[in-house]
Every structure is written in structure tokens, then in C-alpha cells.
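Subject: Structure for you to look at

Hello,

Here is the structure I said I would pass on. My notes on what was found in it follow below.

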Amino acid sequence: MDYRTLMSAEEEVSFSLRARYLARGFQPYRMSKFEEYDLYARNRDFLVSRQVITFTDTDGKLMALKPDVTLSIAKNYDGESLQKLYYNETVYRPSQSGGFCEILQSGVECMGPLGETQVEDVCALAAECLSDISENFVLSVSDLGILEELFSRFETSEEMQAALCACISTKNAVEASRICKEQGLSETFCTLLIQLISTSAPLDRARDMLLPLFEKAGIARAADALSALCASEELAAFGERIIFDFSVLPNRRFYNGVVFSGYVSGASQEVLSGGRYDKLMCRLNKDAGAIGFAVYLDRLPPKEGKR
Amino acid sequence: MSDFLNIALPKGRLGEKVYGMFARAGFSCDEILRESRKLIFEDAQNRVRYFWVKPSDVPIYVERGAADIGVAGRDILLEYAPNVYELCDLGVGRCRMAVAARRGFTDDNARTLRVATKFVSIAKAHYAKKCRDIDIVHLNGSIELAPILGMTDVIVDIVETGTTLKENDLEVVETILPISARLIANKAVYQFKKSEIDRLSCALIAELAEREQA
């Protein structure tokens, strides 16, 4: 009997992802359903939603039903060697239609002394996971280092950065252009920003479009970051399924470097998101880099054989 | 995923005007112009499907993926902040979000300002930037009545020609921001229908540029 026919979409994908994680040397991580609320109160901006289910434990401690997995794993990192962990956990978050719901989430975290190899490994694993969900997938990749260098080079204020980030994440070139003009930002900055917002292309094409603009703007590290992404043979094997898209923009207070979102045909939202979050580790007083991603099993399109 | 482009248009004059722009861009659907109680209109040749939606609901349809793209006013996008791409300004439905009050009103900074509005988020953000303490009265229609009856000091509302304000002895005391209709797209769908959506977006931008030059 083929047991896969009895499985729900979430179950089938969950098993298949587990095989992918193990093949790349990730080890299982199990955790309690509860975590001290204080961890989330101190890192509210990292959470998908600020609303958390809390209760008072038998010892009087204020606890929470986990809304997130990464924070717990990062908190418990022992700070010594490279750790590659995967999980399949239930988290509790507000649903779009109101009220809390249980969400099955699968994912990986890689923590410790990170190099380009580990970054490439996790990005390639993300693409593999998407391919298990559907043949028709896109992994949108960006690098926050490009944005940080751009902001720093052209001396933009924090308020302006926040306004521009809102435009970048929604591909709102009209509003970005208006802000640039209103704030008197240079033509070079404005042109580059608008081009970045409008770019959504396979990595090598994005590099060819953007490198000349990076050189003109004098942001060399941005050029290196994009070139590093393009140099990866593992990512190149996925061809046009991996694209550079500047609108991938998670919270800059926690994320840095490579960030990505995964989409599959038939799903109305991203089904995977992740990136490098050294800054979160720093906030938790961990002297280590970290990169990971989560697959949102509640967002998968309905099962129709191979999606 | 259907290879049709699913488009949510706002019911009313704005939606009809926008449909004309979409049709000129090559996304016509003649069925939509016929008198009918149908809700969904399809053109198999152009691979496009339209539906008329309450204007404030367009972002919901797009965010949830029921529509691939849609047209919504900047006021609705700012108020509800849907998780969508805002791809271009259609240059129609132009008006402004403004603070209005009874003629001759002056703001007494010593006390809490009472504000009537349908746009609670926009009003809160505007006054937060000024560090102004406000008391919001959330109304759903005939907002102009509030200061006339003394219920509030000011209103935050959309102003087009200003005729309604003038006829009720109200005046604009401050413009918050300009408003116009925007093309929005579902972020996930955009990854797979980029070429059609970009083709439409470019055609709309070109038409706007032509209109502004003329």
C-alpha cells in the first residue's frame, strides 16, 4: 500500500522535508510547547505577530504557547561549534480571520561560525524544499548588505530609511521616487533605488543589470554580495527558479546578509521564508552567526498529486 | 494556477474608468460592458477574468489571492496596509486626504483634539508625527456632520473638489497627502505571472505619461 495516498499535504511534505534536512547533515531538535513569555516580550519585533497566548504556570512564572521556534533554538545555542538543527513544531499565532490557531511549521537553523559554504548550503536546501512542494516554485533572494551599504553611502536618516523600506518591500517605486525628491536625495541614489525596486530577475541577469549601477554609486560591497550569490554553483543549478528580488526585506534589526522568500504555484502567500540573522544572535548575547528558514505547512496549496 | 489573469476592479465610476485603461492595454473583456447581474466576466482570448468588488474590499481579494491584481485607492492601502505589491499609480481618482474643520477654527493645543474619521490609522499616524494628543471618533459616513454638530473639532477625510465642505461651512485646514488609484498585485502570484502583470503595468504607466504630457 502506498501510504502517501493516505497522507495530507502537510504530512507528505513534512516527511519529504525531513529527508532533505537529514541528507544535508541537520539533526532533529525537539522542544517544549511552552517558553517563558519574557523571551518574546524582549524580542517582540522578531515575531510574526505581537499577540501571544500566555498563561501562569504552576510555579507562578508567566509562560507562553510558542509563537516562534527560532528564538527558542537561538536562546539555547551553546556558543561553541557549528550546529545544524531541523524541527517540525506547532506554533500558535493569530489567524488572518481572527483568533489564534495552531500552525505546523518545519524548518532549519544553522548556528555558529558561518561561512559562505553554510549560507550556500541553506539557500540550496530552501530551493530543494520548495521543489518537493511543487515543480513550479520560485525562491526570491536578496542581500540586506546591499541595502545597508546604500543607506550608509548616501547618509539617509532612520526615518527616511523606514519610509523607503516600506516602499521597497511593496515594490512601490512611485512613492520611493516621491520621497527621494522631497528629501532632496541625489539622482544617483534615486536611480539606483528605483532600479533595485523594479528588478526581479534570475541572479545572473540581475547582476548584469545592477553591477554597473553599483559601481557608479560607489557601493563596492553591494557588488561583491550580489556577485557571491551568482557565483554559487549549487544555486545556479536551479536556473530561473532562483531570482534576485530586492522586495525581500525582513526586519533589519534582526536580519543581515542573505534573505529569501519561497513561493509555489497555487499558494496565495510565501510558503517559506528565512535568511541570515546574526543580529538576533547578538541581541541574545551569542557570539555566533546564524541562518535558517521556516516552511509554513498551513499555507501549502491543496494536494493534487505532485503539486 | 489558472493562466487567466484575475482582476478585481472597484465598483463605480472609478472602476469603469480603470477598465477602459486596462482594455486599451490589451486586457479587454467585452462581456463586462453589457448590462448584467453577473459578478465575474471572462475573456478567453485575452485570458483575463474581471470581477466587480466593493472598493474597500479590493485589497482583501488581492492579498488572499482570489484576485491576482486589483485597483485600490492609496487611502485604502494606507489605512489597511494589506500585504501586497503596489506597482504603479494609475493617475485617476485623484483627490487628497485632508484635515477639515468649521470655517475659522483654530487648534487649541492645550487640550485633546477631537477627530472624526473613517480613516483611523491614517489619522493616528498623522497626529503621532506631530506628537498631538487626539481623541478619535470612528464614523463610517457623513463625516462632515461631526464638527457641524460640535461632536468633534476636526475631521480627517478625502477631499475632491471641496464642494461638500464649502456647502457645510467647513474648510480644509491641512492637506495630509495626495490620493490616487493604484495597481496592486498579490506577492505570490506576481512571481508566476510577472510578464503579464508587468506588461499591463508598463502600459498603464505609458498611458499616464501620455496624458500628463498632453
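**The contact between the chains**

Between chain A and chain B, eight residue pairs are in polar contact, counting pairs with both residues at pLDDT 80 or more. Please keep in mind that this is a predicted model.

On the side of chain A that touches chain B, the elements giving two or more residues are strand E7 (137–143), helix H7 (173–182), strand E9 (242–245) and strand E10 (258–264) of chain A. E7(A) gives the most to that side, with three residues. By type, the residues of chain A that touch chain B are seven nonpolar, 13 polar and three charged.

The rule finds one salt bridge across the interface of chain A and chain B. A:Glu175 forms a salt bridge with B:Arg74, with the closest N and O atoms 3.6 Å apart.

In total, 23 residues from chain A and 19 residues from chain B take part in the contact. About 1700 Å² is buried between chain A and chain B, and carbon and sulfur atoms give 50% of this area. A:Lys171, A:Tyr263 and A:Ser268 supply 28% of the area that chain A buries against chain B, more than any other three residues.

**Cysteines**

There are zero disulfides over all chains. B:Cys88 is buried, with a relative accessible area of 2%, whereas B:Cys131 is exposed, with a relative accessible area of 72%.

Regards

How values were computed
Residues numbered from 1 in each chain as written. Chains lettered and ligands numbered in written order. Predicted model: local features only at pLDDT ≥ 70, side-chain atom pairs only at ≥ 80, totals over all residues. Heavy atoms only, no water. Contact = heavy atoms within 4.5 Å. Buried area = accessible area lost by both parts, 1.4 Å probe. Salt bridge = Lys/Arg side-chain N within 4 Å of Asp/Glu carboxyl O. Polar contact = N/O pair within 3.5 Å; in protein donor to acceptor, adjacent residues only side chain to side chain. Helix = DSSP H or I, 4+ residues; strand = E, 2+ residues; numbered from the N terminus. Nonpolar A, V, L, I, M, F, W, Y, C, P; charged D, E, K, R; others polar. Disulfide = S-S within 2.5 Å. Buried < 20%, exposed > 50% of the residue type's maximum accessible area, 1.4 Å probe, protein only.
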